[in-house]
Amino acid sequence: MTVEEPKRQPRHAADSGPTSGGDLSVRRRATPVDTADVIVVGAGPGGSAAAYHLAGHGARVLLLEKTHFPREKVCGDGLTPRAVKQLIAMGVDTSPGAGWVRNRGLRVIGGGLRLELDWPELASFPGYGLVRTRHDFDDILARRAVAAGADLRTGVNVAGPVLDADDRVAGVTAVVDGEEVQFHAPLVLSADGVSGRLPLALGLAKREDRPIGVAVRQYIRSAARTHDDYLESWLELRSKEAGDNLLPGYGWLFGLGDGRVNVGLGVLNSSAAFGNTNYRHMLRDWLANTPEEWGLSDPANADGKVLGAALPMGFNRVPHYTRGMLLVGDSGGMVNPFNGEGIAYAMESGALAAEIALQALTRPPGPARERALGHYATELKARYGGYYRLGGIFVKLIGNPDVMRIATQHGLPHPTLMRFVLKLLANLTDVRGGDAMDRVINGLTRLAPAV
């Protein structure tokens, strides 16, 4: 089936807006076989973005999610202007009145210094960032996909791909209410996160030569820190318990504006501490050294447990297209190695996958369609390959405590240099018509061999 004459799924009035609350799934039991133009597995930011753009252009889309909304996810909850741009493209109201907490930039703390850097003024990206918990965030994006016409099914635990006679992916098998069912489509988008059950079933394992991180975070009630105009990044973590010694990794503190903060830390696999550290204990150790009036070290202020997740970086699973399946977001290891940001790249890759899929479906099955689908991996490499290569070098450098200490001591006192670093780390430049910093960063990414 092509998408010239789509059979649109009916829209439900209750699912038409971006507000939170309630189960979004179409309230009918999945039949033993359901068909669509595209199946999207996973209704996180990447999957919902892909489903939104596909459905908005007339494709019949099945969006399959194993959990129910609203639901919790481990994340720092901070969004740079790069992610905000994708929200705007999906028609999301990002105003404070809609429950979003805006920020104007990044505060960097390290080497006894504190530097506040506003987001750069660019033509390509908005001038503000956002904070919102994933509990609300993913729910909003899934609703946008439903409003565009996607058929969302929650409580669908996808077990693996359905393969046709040519060993191509032609759908997925899943368990719904204890019953095994199948969903069929000529294209499948794997947006099932870092676990990557679908790509693993096709033999696409993680690459060990690419960066990966581990992050832990906790929500803590803190009236002193809940309202903040800046996302806060700690380049040095000090341990009160260990005599003010330097801890591995980096930390963050993002005010949620509701009386709570999201506070957490991450460690990269270039660090000697990676895999050999109790990260939850390290988080408590760091928080014990923060000002008492913030209330971050008092267990009574905790609002939930310390939760952790892996950060798959720098294209650590490839190829991004194979045999009728495209990898989106964390499934394809698209987290930015420079700053650990994953949401923006999940949404961008979801939008790109939708664009490629729509073009491919207008062509007959066979070589013409494969040429179109193969362009997905080519375009991802062109957009991010050189930048991620630089990010891999950066990860190796900052894994050395001595390098990190020198960079902090000699970099932070120079605001101009740090503005350059902010643009580089957040991947915020104008490709055309930018300033000298933009031209240097864009030049470096073009010269670097793509990963």
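Let's start at a loop: Pro70 sits between strand S3 and strand S4 (78–79). Keep in mind that this is a predicted model. Pro70 is joined to Phe69 through a cis peptide bond, with omega at about -10 degrees. Asp77 isn't a glycine, yet its phi is positive, at about 70 degrees. Asp77 counts as buried because its relative accessibility is 1%, with the cut-off set at under 20%.

Pro319 is in the loop that runs between strand S20 (307–312) and strand S21 (321–322).

Now for the inside. In general, nonpolar side chains in soluble globular proteins tend to be buried together. Here the largest nonpolar core has 63 residues, and the ones with the most contacts inside it are Leu54, Leu87, Leu189, Leu326 and Tyr376. Elements giving two or more residues to this core include strand S2 (38–41), helix H1 (45–56), helix H3 (134–148) and helix H7 (367–398). The most comes from H6, with twelve residues.

Leaving aside residues up to four places away in sequence, Leu87 touches Leu79, Val92, Thr94, Trp100, Leu130, Phe137, Leu141 and Met347. A separate second core has 26 residues, among them Leu106, Leu122, Ala426 and Leu428.

**H1 against H6**

How do H1 and H6 sit relative to each other? Their axes come within 7 Å and cross at roughly 35 degrees, and the crossing is right-handed. On the H1 side, the residues that meet H6 are Pro45, Gly46, Ala49, Ala50, His53 and Leu54; their partners in H6 include Ile343, Met347, Gly350 and Leu358.

Ser48 is also in H1. With 0% relative accessibility, Ser48 counts as buried. Beyond its close sequence neighbours (up to four places away), Ser48 touches Gly42, Ala43, Leu63, Met90, Leu141, Ala142 and Ala145.

**Around Val188**

The UniProt record, an unreviewed entry, places the feature "domain: FAD-binding" at residues 36–208. Over residues 36–208, the chain is 24% helix and 34% strand, and the end C-alpha atoms are 35 Å apart.

Val188 lies in strand S13. Is Val188 buried or exposed? It counts as buried, at 0% relative accessibility. Residues up to four places away aside, Val188 touches Ile39, Val41, Val169, Gly171, Val172, Leu198, Gly324, Met325 and Leu326. Val188 and Ala89 are 99 residues apart in sequence, and their C-alpha atoms are 23 Å apart in space.

| Helix | Residues | Length | First to last C-alpha | Expected span |
|---|---|---|---|---|
| H9 | 415–426 | twelve residues | 16 Å | 16 Å |
| H10 | 436–447 | twelve residues | 16 Å | 16 Å |

In H9 the buried residues are Met418, Leu422, Lys423, Leu424 and Ala426. In H10 they are Asp438, Ile441, Asn442 and Gly443, and these pack against H9.

What follows H9? Asn427 does, and its phi is positive, near 55 degrees. Asn427 is in the loop between H9 and H10. At 11% relative accessibility, Asn427 counts as buried.

Definitions and conventions. Residues are numbered from 1 along each chain as its sequence is written. This is a predicted model: local features need pLDDT of at least 70, side-chain atom pairs count only at pLDDT 80 or more; totals for chains, interfaces and linings use all residues. Side-chain values use heavy atoms; hydrogens and water are left out. A nonpolar core is a set of buried Ala, Val, Leu, Ile, Met, Phe, Trp, Tyr and Cys residues joined through side-chain atoms within 4.5 Å. Buried means under 20% relative accessible area, exposed over 50%, partly exposed in between (1.4 Å probe, protein chains only). Helices (H or I, at least four residues) and strands (E, at least two) are DSSP runs, numbered from the N terminus. Contact means heavy atoms within 4.5 Å. UniProt positions are given in the numbering used here, feature names are shortened, and annotations may be inferred rather than shown by experiment. The expected span of a helix is 1.5 Å times one less than its number of residues. Axes are lines fitted to C-alpha atoms, for helices over the stretch in contact, and angles run from 0 to 180 degrees between N-to-C directions. A crossing is left-handed if the near helix is turned anticlockwise from the far one by less than a right angle, and right-handed if clockwise.
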